[in-house]
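Here is a short briefing to read alongside the model. Take a look at the structure first, then work through the points by topic.

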Amino acid sequence: MTLAMAVMTIMPSASAAQVNAGLRDEGIAFAPVALLSPGLASLLALRSRLGIDGLITRLVALPDVLGEHALLLQGCEGEAFADPLKRPDMVLVQDGQGQHVYEAQSTSSAQANLPAPDARATGAWIDQVMRDHLPLPLPIRNQLAVCLYAAGYTEDLNQARAITAISGFGRVAA
């Protein structure tokens, strides 16, 4: 569990039912990688021992390994991190085929109201964003739009982008 989630008093869910209840009741839930994909959690745990940082990216890109949908973010393998200032290179893999949906941002976005770089401030900032008191940074909105599209919530990426631009999208998208 990340310290930011602990600061927000969001405990890791132990089941899909707990995730759904958290989303329904609070608009947010913490689903650990091991709950979503035990196999992926095992691979991520081996990463440091094997010294292969790009292992997951290489495995997911193989059609025989995937079979479903995945969003690959260059440089974010296994990290629960979304850079609020710079959008990473994004590839959406569906049915074994990669589609480049966003190029990496070469310059940082201008963003006011970012938290201090510590867990308590980040947790408080996330809470404010989820309650619609602060805007969600564009690089994170871009990632959310691709997730909505990949999950089948929208028919196309432009529709997903429109949803993330709407005030109060946090509860709607959850």
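Strand β2 (residues 90-94) runs antiparallel to β3, and five bridges join the two; strands count as paired if DSSP finds at least two bridges between them. This is a predicted model: local features need pLDDT of at least 70 and side-chain atom pairs count only at pLDDT 80 or more, while totals for chains, interfaces and linings use all residues. Residues are numbered from 1 along each chain as its sequence is written, and side-chain values use heavy atoms, with hydrogens and water left out.

**The sheet**
- Across from Val93 stands Gly98 in β3.
- The three strands form an open sheet in the order β1-β2-β3, with antiparallel pairing.
- Its edge strands, β1 (69-73) and β3 (97-102), each pair on one side only.
- From one strand to the next, the twist averages 25 degrees.

**Helix α8 and the sheet**
- Helix α8 (residues 138-150) lies across β1, β2 and β3 and runs at about 5 degrees to β2 (angles run from 0 to 180 degrees between N-to-C directions, with axes fitted to C-alpha atoms; contact means heavy atoms within 4.5 Å).

**Helix α7**
- In α7, Ala119, Gly123, Trp125 and Val129 are buried, meaning under 20% relative accessible area with a 1.4 Å probe and protein chains only.
- These residues cover an arc of only 165 degrees around the axis, which puts them on the same side of α7; the arc is taken from the directions from the helix axis to the C-beta atoms.
- Asp118 caps the N-terminal end of α7, with a side-chain oxygen 3.1 Å from the backbone nitrogen of Arg120.
- Just after α7, Asp132 has a positive phi of about 65 degrees.

How values were computed: Buried < 20%, exposed > 50% of the residue type's maximum accessible area, 1.4 Å probe, protein only. Helix = DSSP H or I, 4+ residues; strand = E, 2+ residues; numbered from the N terminus. Polar contact = N/O pair within 3.5 Å; in protein donor to acceptor, adjacent residues only side chain to side chain.
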